[in-house]
Amino acid sequence: VQRNRGEDEFHQAVREVLESIGPVVDKHPEYAEQKIIERICEPERQIVFRVPWEDDCGEVQINRGFRVEFNSALGPYKGGLRFHPSVYQGIVKFLGFEQIFKNALTGLPIGGGKGGADFDPKGRSDREVMRFCQSFMTELHRHIGEYTDVPAGDIGVGGREIGYLFGQYKRITNRYESGVLTGKHLSFGGARVRTEATGFGCAFFVQEMLSARGESFDGKQVVVSGSGNVAIYTMEKVHQLGGTVVACSDSSGYVVDEKGIDVELIKQIKEIERGRISAYAGRRPGAKFVAQRSVWEVPCDVAMPSATQNELTADDAATLIANGCVAVGEGANMPTTPDAVRGFQEAGVAFGPGKAANAGGVATSALEMQQNASRDSWSFEFTEKRLEEIMKDVHARCYATAAEYGMPGNYVAGANIAGFTNVADAMLRLGLV
Ligand code: NDP
């Protein structure tokens with residue numbers, strides 16, 4: 001705690017993992033002897049840098065850029081970049097730490113890392129976003145590479161930003177190194193399904209949790225928070241699987257639409273017009289916008305938090321439980337506060353933590369890296385099938401591990417133990433590095 005003062009989200013993420021892995025550490029004294037826990041909590045490398053750029057008025061702006069290269073026991077560092085004004089070391093480290101175990105759970109050869117900047121893209125012109133991305137990459141390029149560290153998108157970083165970042169990387173290095181970033185457009189080495197992957201994957205994961213209880217999405221009312229990349233494709237897949245998403249949100253409030261959210265209209269407003277969620281209610285008869293309230297007050301059978309960390313509190317959990325919610329799948333990273341997680345578990349709600357439920361995004365990034373390495377391009381159907389198989393495997397691994405350690409149905413324990421064991425064993429074999 002002393003060494004990472006003020007990094008509250010990082011402490012929260014570490015505590016959550018350490019609380020689960022006691023039984024594994026008891027079983028493996030070599031982990032303690034080799035100080036695996038102390039080593040795994042210390043990033044291999046942390047980079048903090050100045051990002052100077054000029055806005056449309058000719059004024060100089062200064063932001064702070066970050067990349068935390070947390071653990072490379074299983075493969076090159078892999079994890080997204082977040083552009084949001086709340087970004088600081090504690091956020092980047094919590095995300096990087098979670099990423100280590102998530103990536104391990106996919107069974108693919110990728111280590112854990114994360115990065116970003118305290119830049120706020122809201123209200124910025126396209127040219128400003130481009131100039132910011134170019135300045136950010138001018139420093140970041142010396143630290144990344146297809147065998148070193150492979151960033152992707154996250155909050156505030158989508159296809160447009162990845163395009164500008166890749167353009168600048170290519171220009172500075174004079175290398176067409178497609179494998180250096182994932183989430184690219186199809187025209188320069190992107191993979192089909194990467195855009196949809198996190199949301200689709202989360203819906204597949206929840207489908208598995210429901211099926212383990214003898215249920216399915218059929219006829220279920222679903223509430224999704226956020227209306228960004230993860231939320232949009234979660235809603236699309238939930239509808240395909242037979243559920244009805246009745247509400248979604250952004251940081252200004254939520255919309256409720258009993259007929260089922262029109263996902264194409266959300267895409268138009270959010271992906272194309274880059275507008276606010278309130279615009280939905282004005283254009284969809286029967287839909288209602290509710291400003292500055294928690295979307296979790298809308299009754300549902302399944303809740304899928306897909307916006308940001310600590311957005312679902314103990315009070316929200318109590319409301320959801322009282323309304324009969326049976327399953328929660330985290331599309332976002334750490335959206336549920338620790339006391340809310342406990343509330344769900346005590347009430348017997350199936351709870352899928354982000355490091356398992358949202359692993360489909362990074363898994364499909366790893367598939368993008370495979371395609372780049374072999375200069376190949378797979379079809380949508382083939383890639384989606386692989387994503388679905390990976391999510392079924394992630395679910396099965398969490399489920400079986402929880403049962404093996406005497407905590408059946410506890411996906412938090414299952415995910416933490418299975419992810420930790422993979423990384424810890426690799427670290428032991430690699431020696432004291
Ligand atoms: P986007 O930027 O596309 O969308 C973020 C959404 O969350 C927006 O609707 C945004 O609303 C809302 N939001 C962000 N911050 C806040 C806040 N402080 N309070 C309320 N709402 C907020 O990001 P993504 O969809 O890519 O990411 C969402 C979550 O999923 C994050 O936790 C991310 O780490 C996680 N994730 C993303 C993956 C990916 O592949 N993209 C992979 C795995 C996890 P507004 O526009 O009003 O800010």
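**View 1. Helix α15, residues 360-373, from end to end.** Helix α15 counts 14 residues, and its first and last C-alpha atoms lie 20 Å apart, close to the 20 Å expected at 1.5 Å a residue. That expected span is 1.5 Å times one less than the number of residues in the helix. Helices here are DSSP runs of H or I with at least four residues, strands are runs of E with at least two, and both are numbered from the N terminus. A word on what you are looking at: this is a predicted model, in which local features need pLDDT of at least 70 and side-chain atom pairs count only at pLDDT 80 or more, while totals for chains, interfaces and linings use all residues. Residue numbers start from 1 along each chain as its sequence is written. Just after α15, look for Arg-375, which takes a positive phi of about 50°.

View 2. Among the buried residues of α15 are Gly-360, Val-362, Ser-365, Leu-367, Met-369 and Asn-372. The cover over them includes β3 (77-83), α5, β5 (149-152), α8 (194-212) and α16 (380-404). Contact, here and below, means that the C-beta atoms of two residues, placed from the backbone, lie within 7 Å.

View 3. Gly-406, just after the helix, takes a positive phi of about 75°.

View 4. The UniProt annotation "binding site", from an unreviewed entry, covers Lys-78, Gln-99, Lys-102, Gly-153 and Ser-365. UniProt positions are given in the numbering used here with feature names shortened, and such annotations may be inferred rather than shown by experiment. Lys-102 sits in helix α5. Lys-102 counts as buried because 28 other C-beta atoms lie within 10 Å. Not counting residues up to four places away in sequence, Lys-102 touches Lys-355, Ala-359, Val-362 and Gly-419. Gly-153 belongs to the loop between β5 and α7 (159-173). Gly-153 is buried too, because 26 other C-beta atoms lie within 10 Å.

**View 5. The shell around the ligand.** Of the 24 residues around the ligand, Gly-228, Ser-251, Ala-307, Ala-332 and Gly-361 come nearest. A residue is near a molecule or strand if its C-beta atom, placed from the backbone, lies within 6 Å of it. Helix α9 (residues 229-240) gives the largest share of the shell, three residues. By class, the shell has five nonpolar, 16 polar and three charged residues. Nonpolar covers Ala, Val, Leu, Ile, Met, Phe, Trp, Tyr, Cys and Pro; charged covers Asp, Glu, Lys and Arg; the others, Gly among them, are polar.

View 6. The protein chain is divided into domain 1 (8-13 + 41-191) and domain 2 (195-348), with bounds from an automatic or database domain assignment. Their centres, taken over C-alpha atoms, are separated by 26 Å. Nine residues of domain 1 are in contact with eight residues of domain 2. On the side of domain 1 that touches domain 2, α1 (8-20) and α5 (89-105) are the elements that give two or more residues. The residues on that side divide into four nonpolar, three polar and two charged.

**View 7. Leu-428 and Leu-430 in helix α17.** Leu-428 lies in α17, residues 411-430. Leu-428 is partly exposed because 16 other C-beta atoms lie within 10 Å. Leaving aside neighbours within four places in sequence, Leu-428 is in contact with Glu-30 and Gln-34. Leu-430 also lies in helix α17. Leu-430 is exposed, with 11 other C-beta atoms within 10 Å.

Key:
A residue is buried if 20 or more other C-beta atoms lie within 10 Å of its own, exposed if 12 or fewer, and partly exposed in between; C-beta atoms are placed from the backbone.
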